[in-house]
Amino acid sequence: MQELKIDGEYIQLDKALKLADTVQTGGHAKFLIQEGLVKVNGEVEYRRGKKLRNGDIISLENIKILIRS
């Protein structure tokens, strides 16, 4: 599992995917999220602006990303 360290209280889902080098562009992140391919804490998430906080886990295909603050 990959860890993503954030500076603030939260990070938005699409920005987290870009910061973790999971996607190349914000448009690609938007597409994956809208297609229901991204899960947050085991639940499909359709909001690209979803606020992720310490301990949240993003799942995308075989990739898991743990948010750490």
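Let's start inside. The largest nonpolar core has 18 residues, and Leu13, Ala16, Leu17, Val38, Leu52, Ile58 and Ile67 touch the most other members. A nonpolar core here is a set of buried Ala, Val, Leu, Ile, Met, Phe, Trp, Tyr and Cys residues joined through side-chain atoms within 4.5 Å. Two or more residues each come from α1 (13-19), α2 (26-34), β3 (38-40), β6 and β7. Helices (H or I, at least four residues) and strands (E, at least two) are DSSP runs, numbered from the N terminus.

A word on the source. This is a predicted model: local features need pLDDT of at least 70, side-chain atom pairs count only at pLDDT 80 or more, and totals for chains, interfaces and linings use all residues. Residues are numbered from 1 along each chain as its sequence is written, and side-chain values use heavy atoms, leaving out hydrogens and water.

Back to Ile67. Beyond four places in sequence, its contacts (heavy atoms within 4.5 Å) include Leu4, Ile11, Leu52 and Ile58.

Now the sheet. It is open and mixed, with five strands in the order β1-β7-β6-β3-β4. Strands pair if DSSP finds at least two bridges between them. β1 (2-5) and β4 (43-44) are the edges, each pairing on one side only. β6 (57-60) and β7 (63-68) run antiparallel, over four bridges. There, Ser59 stands opposite Lys64.

Last stop: Val44, in β4. Buried means under 20% relative accessible area, exposed over 50%, partly exposed in between (1.4 Å probe, protein chains only).
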